[in-house]
Amino acid sequence: MSARLMERPAAPEVDWSAVAQDLHGLNVIVSPGQRKQLSKDFYWYSPILTERLAGCVADLVVKVSTEDDVRQAAAVAAKWKLPITVRAGGTGNYGQCVPLEGGLVLDVTQMSRVLEIADGRVRVQAGARMHDIELAVAETGQALRMWPSTWHVASIGGFIAGGFGGIGSIRHGILRDTGNLLRARVMTVEREPRIIELQGDEIQQVHHAYGTNGVITEVEVALSPAVEWVHCIALFDTYRGVLDFGVAASTPSLELFLLSAVDARFSPYYAMLGSHFPRDKHAMFAMVAPDSMDRFRALVAAHGGSISLAGTEAQLHAAGLPPAYECAYNHTTLQALKVDRTWTYLQVAYAQPFDPAVVDRHIAIFGDDVLQHHEFARAGGEYGTFAILLVRWKGEAHQYEVMREIESQGGCQIFNPHVVTIEDGGMKTIDTQQIEFKKRSDPMGLMNPGKTRGWKPEMARST
Ligand SMILES: Cc1cc2nc3c(=O)[nH]c(=O)nc-3n(C[C@H](O)[C@H](O)[C@H](O)COP(=O)(O)OP(=O)(O)OC[C@H]3O[C@@H](n4cnc5c(N)ncnc54)[C@H](O)[C@@H]3O)c2cc1C
């Protein structure tokens with residue numbers, strides 16, 4: 001299971017100096033230190049992946065700035081039959097942009113232009129950072145519908161190819177939900193690369209495909225009117241109290257952008273919050289529309305809670321406090337790992353409607369080996385809950401024991417962050433639509449090899 005993947009020796013038939021010549025005019029990185037750095041992402045949250053992926057390094061990194069650059073690099077990959085792995089912010093968690101078989105890493109971070117802002121939509125190059133896009137659209141009074149808590153570094157293309165949803169999902173659903181993704185331009189990897197244009201739900205073919213089936217060069221996503229969110233912390237005596245509040249607050253009558261329940265035992269990792277998140281209280285981090293604040297306060301009080309902090313992001317920043325979104329989603333794990341590297345994490349999807357009693361059972365079984373953290377979000381129009389749990393690292397066998405126990409009852413499903421394939425992680429089944437698209441967009445099977453179990457070597461065309 002955890003056999004380390006050794007650094008792939010350069011295939012003897014590849015003439016790397018000839019490859020470099022074919023890449024002439026592009027920004028090619030050959031230095032071992034930089035290649036190593038640009039072959040990693042946030043897989044280090046998982047001790048299993050840390051060991052397994054240690055030796056995976058690109059033979060060359062190509063930094064592209066234009067669609068023509070992508071075309072040239074894709075053609076070179078096809079000519080020399082080189083693995084090619086797209087990389088943007090490198091904030092994915094599962095080794096998504098780690099080149100398991102070496103080859104080319106295509107760094108798209110310089111494709112970062114905002115191309116067009118219109119009413120309700122923005123068109124950008126795929127390497128644009130999500131926070132930069134937000135700043136650009138803010139000038140028109142609009143805002144992105146959702147983003148990961150890593151948005152200062154993460155790109156929009158990486159979010160679509162590797163993510164699922166995030167801050168904003170309680171209001172607008174997940175990326176997959178109709179209306180959020182509008183258009184995408186995708187470059188194929190073949191001797192004469194082509195552009196395929198995808199619209200609306202057709203984008204599902206490349207969404208969460210880990211860049212295994214085409215290079216996304218441009219995307220258009222939906223925007224909503226900007227809101228000056230109030231970042232709040234509401235405190236409760238019991239974790240069950242926070243969850244019951246979360247279920248009650250999951251209603252269209254409250255306008256929220258984030259609702260994230262965090263166990264009191266995280267408090268030492270949030271020292272910067274001081275008395276706003278004391279050790280004996282469980283916290284709900286929320287982003288609330290100003291118009292909904294009165295109803296939010298009343299609901300907190302009705303559930304026996306109290307609000308310890310409420311302010312705009314600018315006010316929190318001025319006070320030296322983090323925004324609510326940096327206390328939520330996978331930033332919870334990051335905050336803990338900054339202090340104590342003996343933690344790792346697991347993601348859990350619950351049967352819906354969510355029954356908090358399932359969590360009571362897990363708290364009783366796992367004790368201090370598992371710290372609780374739940375996100376409230378919408379998918380397919382329905383409110384739901386999922387967890388990103390902090391799990392004490394006691395070895396691989398213990399980690400899988402925890403997973404088996406969680407999956408044994410209550411309809412819980414683990415999204416395993418200790419594996420590299422799309423299917424073993426979250427998706428569980430092979431998305432045949434994505435594999436069919438890969439036959440068109442990556443007919444030689446060169447893109448991010450080893451990340452989908454749906455692609456079989458015999459599917460690959462030789463030229
Ligand atoms: C602290 C923390 C919090 C996070 N919170 C969230 C969250 O709330 N929601 C969420 O969904 N994720 C979250 N993530 C995961 C990750 O940050 C996001 O999915 C992010 O959007 C990835 O963007 P990136 O630019 O860093 O992509 P990368 O890590 O560079 O790439 C991700 C995947 O997309 C592919 N890819 C990148 N660009 C392209 C392209 N142009 N064309 C084709 N394929 C491409 C890569 O090959 C790779 O497989 C979190 C991660 C961390 C460490």
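At roughly what angle do the axes of helix α8 and helix α9 cross, and within how many Å do they come? The axes of α8 (residues 239-249) and α9 (residues 293-302) cross at roughly 145° and come within 10 Å. The model is predicted, and local features need pLDDT of at least 70, side-chain atom pairs count only at pLDDT 80 or more, and totals for chains, interfaces and linings use all residues. Residues are numbered from 1 along each chain as its sequence is written, and side-chain values use heavy atoms, with hydrogens and water left out.

**View 1. Crossing of helices α8 and α9.** α8 passes α9 in a right-handed crossing. On the α8 side the contact is made by Phe-245, Ala-248 and Ala-249, and on the α9 side by Phe-296, Leu-299 and Val-300. By class, this contact has six nonpolar, no polar and no charged residues. Contact means heavy atoms within 4.5 Å. Axes are lines fitted to C-alpha atoms, for helices over the stretch in contact, with angles from 0 to 180 degrees between N-to-C directions. A crossing is right-handed if the near helix is turned clockwise from the far one by less than a right angle, and left-handed if anticlockwise. Helices (H or I, at least four residues) and strands (E, at least two) are DSSP runs numbered from the N terminus.

**View 2. Packing of helices α12 and α13.** The axes of α12 (residues 357-366) and α13 (residues 396-407) are 11 Å apart, at an angle of about 145°. α12 passes α13 in a right-handed crossing. Arg-361, His-362, Ile-365 and Phe-366 of α12 make the contact with Val-402, Glu-405 and Ile-406 of α13. The classes here are four nonpolar, one polar and two charged residues. Ala, Val, Leu, Ile, Met, Phe, Trp, Tyr, Cys and Pro count as nonpolar, Asp, Glu, Lys and Arg as charged, and the others, Gly among them, as polar.

**View 3. Shell around the ligand.** The ligand is surrounded by 36 residues (a heavy atom within 4 Å), and the closest are Val-86, Ala-88, Thr-91, Ser-155 and Gly-165. The shell divides into 15 nonpolar, 20 polar and one charged. β3 (84-87), α6 (156-162) and β10 (215-225) each supply at least two of its residues; α6 gives the most, with five.

**View 4. Backbone atoms at the ligand oxygens.** Polar contacts are pairs of N or O atoms within 3.5 Å. A polar backbone atom of Gly-89 is 2.9 Å from an oxygen atom of the ligand. For a backbone N or O atom of Gly-92 the distance to a ligand oxygen is 2.9 Å, and for one of Phe-159 it is 3.4 Å. The protein covers 98% of the 970 Å² of accessible area that the ligand has on its own (Shrake-Rupley method, 1.4 Å probe).

**View 5. Cis peptide bond at Pro-353.** Gln-352 and Pro-353 are joined by a cis peptide bond, with omega about 0°. Pro-353 lies in the loop between β15 (343-349) and α12.

Conventions
A polar contact is a pair of N or O atoms within 3.5 Å; within protein, one must be able to donate a hydrogen and the other to accept it, and residues adjacent in sequence count only if both atoms are side-chain atoms.
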